[in-house]
Amino acid sequence: MELTSNQTHPAFPTLLSGAVHQESEQTRSQAYTTGRKTVGTPFVDKPRMTCRDVEVYYGEKCAINKISIDVGCNEVLAMIGPSGCGKSTFLRCLNRMNDTVPSCRVVGSICLDETDIYHPSVDVVPLRAQVGMVFQKPNPFPKSIYDNVAYGPRIHGLTKNKVELDEIVETSLIKAGLWEEVKDRLLEPGTGLSGGQQQRLCIARAIAVSPEVILMDEPCSALDPIATARVEELIAELRTQFSIVIVTHAMQQAARVSQRTAYFHLGDLIEVGATDKIFTNPKHRLTEDYITGRFG
Amino acid sequence: MYTYLLLCILLITTGAYFGGKARAKTIAEASGGMRTLHSLPSHYGMLTALSYAIPALLVFALWRIFEGTIVTSLVTKSLPIELQQLSPNRLSLVLNEVRNIVFSGFASHNADPAIQAAADLYLSTMNWLKNAVAVSTLLGGLIPGAIAYRSIRKELRARNLVEGIGKVILIGCSAVAIFTTLGIVFSVLFESLRFFHAIPFFDFLFGLQWSPQTAMRVDQAGSSGAFGAVPVFAGTILIALIAMLVAIPVGLLAAIYLSEYAGSRMRTWAKPMLEILAGIPTVVYGFFAALTVAPLIRDIGQAIGLQVASESALAAGLVMGIMIIPFVSSLSDDVIHAVPQAMRDGSFALGATRFETIRLVIIPAALPGIVGSILLAVSRAIGETMIVVMAAGLSADLTFNPLKAVTTVTVQIVTLLVGDQEFDSPKTLAAFALGLLLFVFTLFLNFIALRVVRKYREQYE
């Protein structure tokens, strides 16, 4: 869509000019930003993670284009946007899961507590213990419930004896809201649980290594509404101890669980701000279009 | 001579196909377009063709089966009465003589006139029979073929009928495989039962002596024979054990490298290379074992002061192990590769290293499949013949020393059946008993392997 910079068709707002346009339509009386520069408040005081000018390339293809954003302490940051907008790619940069993709290249700086996680001296193993991850599809290991939760503490040598390990398993399962349901069958396989229980088991597994940040990649998209509600409650509780970054396609979910929301579009971070502001009073035209369902 | 007949059937079948198709098209056009037909025109063609070919081939097969019996009985009746009353064995000799005259034209000048006459009759019978076969075969198909052709209407459910016939053919093909297996099992079983009439079952199963040399004639010097299967099976198990000690670690580690560490280009190149190992004929492995590995092991043994037999179990086992590496590596690689990426991601996201992930998640998840592949390799090692015939010994010593010569079940079966033998002596029948025992053993292993593999399948569904 190549339009000259000062010519605007009402149905095709200019994406390239970065100019502010006054809409003539009555339904849009407000002034919108339509450029590709991030609007809103991407930075916070005392951030847990800071990302500056992050670019991600798959081979020659640019998947993420100069993104700068902070993740605050004890907040839930929701990332929304249409499919293929790069929000999952960006999420996977935060614990270097993209290292497993051979063609992937990350430029810019991502810091966790002021340490650049892409610095050559940083070992990815302790990093991933600090930045945990929960995936779209529940992926418990084909082991017992106990062994699933104990997996992280064991490989990182977090406990001295069985008693401590038992304690970690129990507290993790309690925090994940799963303890009451599974305390009598800890030795049964984790794959035998229901989908929602499996996802909470995966959350318990992630928090067992006491991370600082938990990344969630559409954690509820494979779950039914009741299980989704449980996981959302859980996210609200976990916020008191962890920073959480969640990718979601459900805008109601983003509105329910998050304090800040970031809207991604085709590899650009379009708008960041407090969740209630984003959903009630978006500043950018694309954000408005997306959350009102005009596209995406 | 029947080639032309079969060619004719093929031609008529092709003709029937196109005839049926054309008729279907004509009918369709007459009644207003292709959509009025129940099935595609090719289905009608196929139905006509099959209605011709199947009865024709059945008639042909019946003739071929009973042809010999018909000719023989006719010729026998024509023989002089004194020849007819000979014992069945002698009579078959006479008939053989008749056939010799017919098929070679040989000895016709000095033959018995009665036999010569019989030969002439045989020849003429064969000739008219040939014509009868040809005519009845061609006609036998024509009637059902014509009925099918005439019955083509737009309501005829040709597709259902053709697909039904196709299903019957599929069932027939699987039945061939099943009945062949059953046939082999029963023939081995019955011969083994004859063996167990001579040698008690438990003497065979638990006897510690194996020396199957028996005297063939009463006046001949020879041992009385001992048929204890234990030393033979001990040898088999020893060699298979050595083979697995080679194949399991090498194959499994190769599989882990291929599926977890190697890049996709390396994998596509290295995996077929490994599978070539499985394509080398076992006889090549056999002389490799006998001529290269066995002397090498003996020389090394002598250098460090060990007594090594020149046909040691170690040499045969090592080479057999190399042979079955691809069984373990290729199947295990598939199984490891099939472990979902989500498992790896889950483990990496918790800060596990690649090695920890393999050891703690991938291998346990793939374990049932790996065990299945190993069990398949074991049954292969136990049934393997050529390497051990060439590289293992013949003496059935009950030993578990891998430096000594041992013998295996397959080697004993080969030696029992090679050479001049009576086919009803316990010595020869012992081969069937050994074969049966081996069969039961490998069947058991395969059964376990299949069960394990099935259990694996359930895990991610």
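**Exercise 1.** How many bridges join strand 9 of chain A to strand 10 of chain A, and in which sense do the two run?

Solution. The model is predicted; local features need pLDDT of at least 70, side-chain atom pairs count only at pLDDT 80 or more, and totals for chains, interfaces and linings use all residues. Residues are numbered from 1 along each chain as its sequence is written, while chains are lettered from A and ligands numbered from 1 in the order in which they are written.
Step 1: strands (E, at least two residues) and helices (H or I, at least four) are DSSP runs, numbered from the N terminus. Two strands pair if DSSP finds at least two bridges between them.
Step 2: strand 9 (residues 131-134) and strand 10 of chain A run parallel and are joined by four bridges. A:Gly132 has A:Ile214 in strand 10 as its bridge partner.

**Exercise 2.** Find what strand 10 of chain A forms with strand 11.

Solution. Step 1: five bridges pair strand 10 with strand 11 (residues 243-247) of chain A in the parallel sense. Opposite A:Val213 stands A:Ser243.
Step 2: with helix 7 (residues 225-238) of chain A, these two strands make a right-handed β-α-β unit (with the strands pointing away from the viewer, the path from the first strand over the helix to the second runs clockwise).

**Exercise 3.** Identify the edges of the open sheet in chain A.

Solution. Step 1: its four strands follow the order 5-4-7-8, with antiparallel pairing.
Step 2: strand 5 (61-72) and strand 8 (115-116) each have a single partner strand, so they stand at the edges with one side lacking a neighbour in the sheet.
Step 3: strand 4 (residues 47-58) pairs with strand 5 over eight bridges; A:Val56 stands opposite A:Ile64.
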